[in-house]
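Here's a quick briefing to read with the model open on your screen.

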Amino acid sequence: MFLRSHALLPTAGLLLAAVISGLTWLPLHAIERNGIAGLWVALAVVAVACVPLAPGLAGFRDLTRRDLVGLFWIAALIGVAWAFYTASLTTTEVARAILLFYIAPVWGTLLEVFVLRQPLTLRRATALGLGSAGLIAILGIGLDLRFVMNLGDVLALMSGMLWSVGLLFVFRRTGPTLATQSAALAVGALIGAVTMVLLLERAPPPSADAIIAAGPWILVAGLGFVLPLWLLSLWAARSVSPARATLIFMAEVCVGVGSAALWAGQPFGARETIGTILVLAAAAVEFGGTQKAASLSPQGVPPL
């Protein structure tokens, strides 16, 4: 009861999900090296991750119309967000995809203040400021003011926006079970991945030989990385506020940028080091809070 009241278990789940998410690029890039590239990687991995969640669709029969509407938004927002983010990791630089996604804390906090009508406390503002400063430091002072963005950049940015908004529906809807919410997320992710391939992918479908060669890595990415990431993030988000969840999840920045520097040859110098310290400081400030997890009624949220 003590652990639950202080949201330590959900926080630990979010931190674990952040580590998994920060390393997801590894099997995705391995799939690319075996002959499948671009948005086809995301479609293959998302399709595999969806299979174990299919039984959760049976729970839709016993839900009210209000719950079904909530599940629709989870699919349309969080599910599509994860599809976009997975695709961004193979269509732009890993560090860039992660950092563009993590502009999300700004939106998460604004949503809590203006939608959930929670006060912007000094602690939350401090954590938000540190996190934003960390992202700016990692991106560097010499930002490209021409706003030249490739497809992966756009997908990463959109995924962060959708994820922040989608967390509101997980946080406020306590009726559906985790299995049902996970199934809704899977449906949204699969639809998002298929739509991306149909509308944005110009390369032809991968050959049978490429699918066979990349098959083991597709299974590893889908079942060992993406599936646990979905389940952990949904479970924790049911009892952790959107801004808090996003700020804690920012630990992925350290894992993703650091691992990309070590194993993908991407730069990690003074800017990245300072930025990582600032991001960790933001997580420490947020984690040091005493916000309690509480079940929500449709009319209210737990106090900060």
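Tryptophan 82 counts as buried, because its relative accessibility is 2% and the cut-off for buried is under 20%. Keep in mind that this is a predicted model. Tryptophan 82 turns up in several places below: in an aromatic pair with tryptophan 163, in a ring cluster and in the lining of the largest cavity.

**Aromatic pairs**

- The structure holds six aromatic pairs. One of them joins tryptophan 82 and tryptophan 163 edge-to-face, with 6.1 Å centre to centre and 65° between the planes.
- That pair brings together distant parts of the chain: tryptophan 82 sits in helix 5 and tryptophan 163 in helix 9 (residues 151–172), 81 residues apart.
- Is tryptophan 163 buried or exposed? Tryptophan 163 counts as buried, because its relative accessibility is 2%.
- Tryptophan 163 also pairs with phenylalanine 101, and here the arrangement is tilted, at 5.6 Å centre to centre and 50° between the planes.
- This second pair is another link between distant parts of the chain, with phenylalanine 101 in helix 6 (residues 94–101) and tryptophan 163 in helix 9, 62 residues apart.
- Phenylalanine 101 and tryptophan 163 are both buried.

**The largest cavity**

- The cavity count comes to two, taking those of 30 Å³ or more. The largest has a volume of about 50 Å³.
- Which residues line the largest cavity? You'll find Ser21, Thr24, Trp82, Tyr85, Thr86, Leu89, Val226, Leu229 and Trp230 there.
- Helix 5 (65–91) and helix 11 (208–237) each put at least two residues into that lining. Helix 5 gives the most, with four residues.
- By type, the lining of the largest cavity splits into six nonpolar residues, three polar ones and no charged ones.

**Threonine 86**

- Threonine 86, one of the lining residues of the largest cavity, is found in helix 5.
- Threonine 86 counts as buried because its relative accessibility is 5%.
- Where does the side chain of threonine 86 reach? It gets to the backbone oxygen of tryptophan 82, at 2.8 Å.
- If you skip neighbours within four places in sequence, threonine 86 is in contact with Leu28 and Ala42.

**Serine 259**

- Over in helix 13 (residues 251–263) you'll find serine 259.
- Serine 259 has 4% relative accessibility, so this residue counts as buried too.
- Again skipping neighbours within four places in sequence, serine 259 is in contact with Gly22, Leu23, Trp25 and Ala264.

**The chain as a whole**

- Of the 304 residues in the protein chain, 51% count as buried.
- Take the contacts between residues at least 6 apart in sequence: 90% of them join residues at least 24 apart.

How values were computed. Residues are numbered from 1 along each chain as its sequence is written. This is a predicted model: local features need pLDDT of at least 70, side-chain atom pairs count only at pLDDT 80 or more; totals for chains, interfaces and linings use all residues. Side-chain values use heavy atoms; hydrogens and water are left out. On a 1 Å grid over the protein atoms alone, a cavity is a set of points where a 1.4 Å probe fits but cannot get out, and a pocket is an open set with protein on both sides within 12 Å along at least five of seven lines; lining residues have an atom within 4 Å of a point. Grid points are joined across faces, edges and corners, and a volume is the space filled by probe spheres set on the points. Ala, Val, Leu, Ile, Met, Phe, Trp, Tyr, Cys and Pro count as nonpolar, Asp, Glu, Lys and Arg as charged, and the others, Gly among them, as polar. Rings of Phe, Tyr and Trp (its six-membered ring) pair if their centres lie within 6.5 Å; planes under 30 degrees apart count as stacked, over 60 as edge-to-face and the rest as tilted. Buried means under 20% relative accessible area, exposed over 50%, partly exposed in between (1.4 Å probe, protein chains only). A polar contact is a pair of N or O atoms within 3.5 Å; within protein, one must be able to donate a hydrogen and the other to accept it, and residues adjacent in sequence count only if both atoms are side-chain atoms. Contact means heavy atoms within 4.5 Å.
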